[in-house]
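Subject: Structure handover

Hi,

Here is the structure I promised to pass on.

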Amino acid sequence: MNLDWTVAWQYRFMLAEGVLVTVLLTVFTMAIAVPGGIVVMLARQSRFAPLRMAGTAYVEFFRNLPLILLVYWAFYVLPMIVDIQLSPFATGLVALCLNVSAYNAETFRAGVNSIRRGQHNAGLALGMSQWQVMGRIVLPQAVRRILPVLASTWVSLFKDTSLVSVIAVGDLAHNALQIRSQTFRVLEMLTVMAAIYWCLGYPQAKLVDWMHRRFGVSE
Amino acid sequence: MTAYARIGAGTQPVIVYHEVVKRYGSFTALDRVSGQVNRGEVVCLIGPSGSGKSTLLRCTNALEPFDGGRVLFDGVELPRAESEARHVRRRMGMVFQNFELFPHMTALDNVAVGRVTVLGEAKAAARKRARSLLAKVGLSDKEASYPATLSGGQQQRVAIARALAMDPEVMLFDEPTSALDPETIGEVLNVMKQLADEGMTMVVVTHEMTFARRVGNWIIVFDHGRIVEEGPPAQIFDRPREQRTKDFFSHLGWGG
């Protein structure tokens with residue numbers, strides 16, 4: 001078999017661009033889906049029944065659809081419903097945010113429910129409002145507790161961004177597969193792509209583990 | 001009434017309970033409980049576990065919604081709406097059995113957070129106040145410590161300082177020493193006695209009979225969600241009138 005690894009070097013700028021898009025997609029998705037997850041979680045915990053039902057419906061809908069379907073849906077159907085043409089990048093971002101917000105909402109809900117009722121009461125007894133108790137007492141503790149879960153969501157997300165390559169977003173997967181089809185260097189490009197994903201993903205996972213040790217609070 | 005003049009008698013009580021009823025399903029935790037707490041008094045609620053004394057305490061600052069009757073604070077009925085309850089709660093300090101310090105904050109910030117969040121005070125001013133309160137409970141050297149690194153007695157003293165930070169008109173103690181190791185109970189009771197000596201109005205749910213007798217001015221005995229009897233400590237501890245009070249003391253091994 002005749003292998004030619006120089007193809008990766010030849011196309012290094014295209015690969016680098018793909019890496020940049022993948023990283024940006026991950027960062028933007030999480031930057032939106034963390035507050036998004038909190039909002040959906042608060043809706044699910046609301047004392048107002050319609051809001052609670054809306055939150056639950058959101059989570060159950062988006063959590064149980066394959067992400068790739070969401071990506072296609074955002075690309076083909078969304079522009080028909082709302083009259084705006086988004087760039088492929090923004091379309092991919094929407095699909096990812098819808099999905100990850102649903103997961104984050106469940107993660108936050110588990111975290112918030114794990115904080116015992118007494119903490120809530122201690123805040124209320126000082127005269128705090130429900131919102132202040134949530135913001136100052138419950139959420140900060142919950143976030144520390146769920147950091148490992150958010151971390152694995154992050155690492156999954158980093159890899160799952162590759163699904164947006166199907167709508168021609170120029171991420172790492174899309175660019176690598178483009179190079180493959182132009183050069184016919186299948187084994188080389190798939191291996192290089194795997195190596196890049198792994199090399200980028202592993203330190204992220206380690207970093208979040210470290211954050212957990214650093215910021216984790218014991219009782 | 002006997003010849004005993006209750007502290008604050010004749011003035012408007014800080015807290016009035018009027019026929020308070022609380023049910024959990026078919027279980028009646030409070031069965032038309034009436035009573036009062038006067039300004040400057042240390043009222044101790046005693047009685048067997050599950051007799052309703054902690055429930056009444058939690059009804060006092062509306063942490064526990066109740067099913068019937070009224071609670072008046074400073075002459076005004078407790079609001080039923082959660083959004084208004086907080087204006088009353090911040091005028092009462094509460095100390096919990098399990099301390100419930102905020103584990104993600106230092107001792108200093110635990111004490112300061114109420115003033116910053118609820119009163120909107122600047123952080124520096126709130127911390128200054130918190131420092132003097134930590135000094136008051138003898139924990140000046142622990143201001144940078146997180147709760148997990150403190151002993152139970154130290155945590156409870158921080159919790160007392162946290163409640164005091166809001167300049168409460170009354171302090172509510174819910175079995176403040178029940179979760180403590182025996183050797184740290186004394187340091188918490190000493191802080192509470194100091195508060196009582198300063199004239200703080202206190203409602204204390206406790207199993208510490210020695211404390212109730214020496215520091216309390218008025219003792220209320222609970223059983224099965226009702227007040228069995230109430231009176232000054234000398235009367236309750238030395239000459240209890242009710243058989244159920246005597247039974248309770250004999251269960252505790254307290255020679256009545």
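Below are the conventions, followed by what turned up in each chain and between them.

This is a predicted model, so local features need pLDDT of at least 70 and side-chain atom pairs count only at pLDDT 80 or more, while totals for chains, interfaces and linings use all residues. Residues are numbered from 1 along each chain as its sequence is written, chains are lettered from A and ligands numbered from 1 in the order in which they are written, and side-chain values use heavy atoms, with hydrogens and water left out.

**Chain A**

One helix pair to look at is α2 (residues 12-45) with α8 (residues 130-160), both of chain A: their axes come within 11 Å and cross at roughly 140 degrees. Axes here are lines fitted to C-alpha atoms, for helices over the stretch in contact, and angles run from 0 to 180 degrees between N-to-C directions. The crossing of α2(A) and α8(A) is right-handed (the near helix is turned clockwise from the far one by less than a right angle). By type, the contact of α2(A) with α8(A) divides into 13 nonpolar residues, four polar and no charged (Ala, Val, Leu, Ile, Met, Phe, Trp, Tyr, Cys and Pro are nonpolar; Asp, Glu, Lys and Arg charged; the others, Gly among them, polar).

Elsewhere in chain A, A:R109 and A:E106 form a salt bridge, 3.2 Å from N to O (the rule: a side-chain nitrogen of Lys or Arg within 4 Å of a carboxyl oxygen of Asp or Glu). Both residues lie in helix α6 (residues 88-114) of chain A, three residues apart, about one turn of the helix.

**Chain B**

Chain B has an open sheet of six strands in the order β6-β7-β8-β3-β9-β10, with mixed pairing (strands pair if DSSP finds at least two bridges between them). Strands β6 (92-95) and β10 (226-231) of chain B each have a single partner, so one side of each is left without a neighbour in the sheet. The twist averages 15 degrees from one strand to the next.

Within the sheet, β3 (residues 42-46) and β8 (residues 201-205) of chain B pair in the parallel sense over four bridges, and B:V43 has B:V203 as its bridge partner. Helix α9 (residues 243-252) of chain B packs on the sheet, touching β3, β9 and β10, with its direction at about 85 degrees to that of β10(B). β9(B) and β10(B) run antiparallel, joined by five bridges. They form a hairpin with two residues between them, and B:H224 in the turn has a positive phi of about 50 degrees.

**Where A and B meet**

How many residues are in contact? 24 of chain B with 23 of chain A. About 2,000 Å² is buried between the two chains, and carbon and sulfur atoms give 63% of this (accessible area, 1.4 Å probe, that two parts lose on being put together, summed over both). On the chain B side, B:E100, B:P103 and B:H104 lose the most area to chain A, together 28% of what that side buries.

The count between chain B and chain A is one salt bridge. A:R116 forms a salt bridge with B:E100, their closest N and O atoms being 3.0 Å apart. Over all chains, the count is 27.

Cheers

Key. Contact means heavy atoms within 4.5 Å.
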